Amino acid sequence: MSEYRHFYGEGSIIFLTIVTYNRQPIFKDEKNIALLRQVTATVKSEMPFEILGAVVLPDHLH
């Protein structure tokens with residue numbers, strides 16, 4: 001595994017890639033995308049952050 005060095009400061013932009021377990025295509029189902037949006041909104045209300053852009057693919061998201 002690569003050893004990445006990260007700096008997280010106020011106002012930082014962070015790029016994430018999140019992959020589903022065993023690359024199961026759970027985001028092919030629109031209900032799961034709706035659930036993802038709902039959970040994201042809940043977390044944002046508790047710990048504010050901004051999403052500049054997002055791409056949701058069947059088995060992962062950026």
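Author: Let us begin with I18, which is placed in strand 1; helices (H or I, at least four residues) and strands (E, at least two) are DSSP runs, numbered from the N terminus. This is a predicted model, in which local features need pLDDT of at least 70 and side-chain atom pairs count only at pLDDT 80 or more, while totals for chains, interfaces and linings use all residues. Residues are numbered from 1 along each chain as its sequence is written, and side-chain values use heavy atoms, with hydrogens and water left out.

Reader: Which residues does I18 contact, leaving aside its neighbours within four places in sequence?

Author: Contact means heavy atoms within 4.5 Å. On that basis I18 is in contact with D59, H60 and L61. The C-alpha atoms of I18 and H60 are separated by 5.5 Å, although the two residues are 42 residues apart along the chain.

Reader: What is the order of the strands in the open sheet?

Author: Two strands pair if DSSP finds at least two bridges between them. Here the three strands have the order 1-3-2, with antiparallel pairing. Strand 1 (18–19) and strand 2 are the edge strands, since each pairs on one side only. Strand 2 is joined to strand 3 (residues 60–61) by two bridges, and L57 has H60 in strand 3 as its bridge partner.

Reader: Is T20 buried or exposed?

Author: Buried means under 20% relative accessible area, exposed over 50%, and partly exposed in between (1.4 Å probe, protein chains only). T20 counts as buried because its relative accessibility is 12%. T20 belongs to the loop between strand 1 and helix 1, and its side chain reaches the backbone oxygen of Q24 at 2.7 Å. Not counting residues up to four places away in sequence, T20 touches I26, F27 and D59.

Reader: What is the phi of N22, and what is that of R23?

Author: Most residues other than glycine have a negative phi. N22, which is not a glycine, has a positive phi of about 55 degrees, and R23, also not a glycine, has a positive phi of about 55 degrees. With a relative accessible area of 59%, N22 is exposed; R23, at 47%, is partly exposed.

Reader: Where does I51 lie?

Author: I51 is in the loop between helix 1 (30–46) and strand 2 (56–57). Its relative accessible area is 43%, so I51 is partly exposed.

Methods
Polar contact = N/O pair within 3.5 Å; in protein donor to acceptor, adjacent residues only side chain to side chain.
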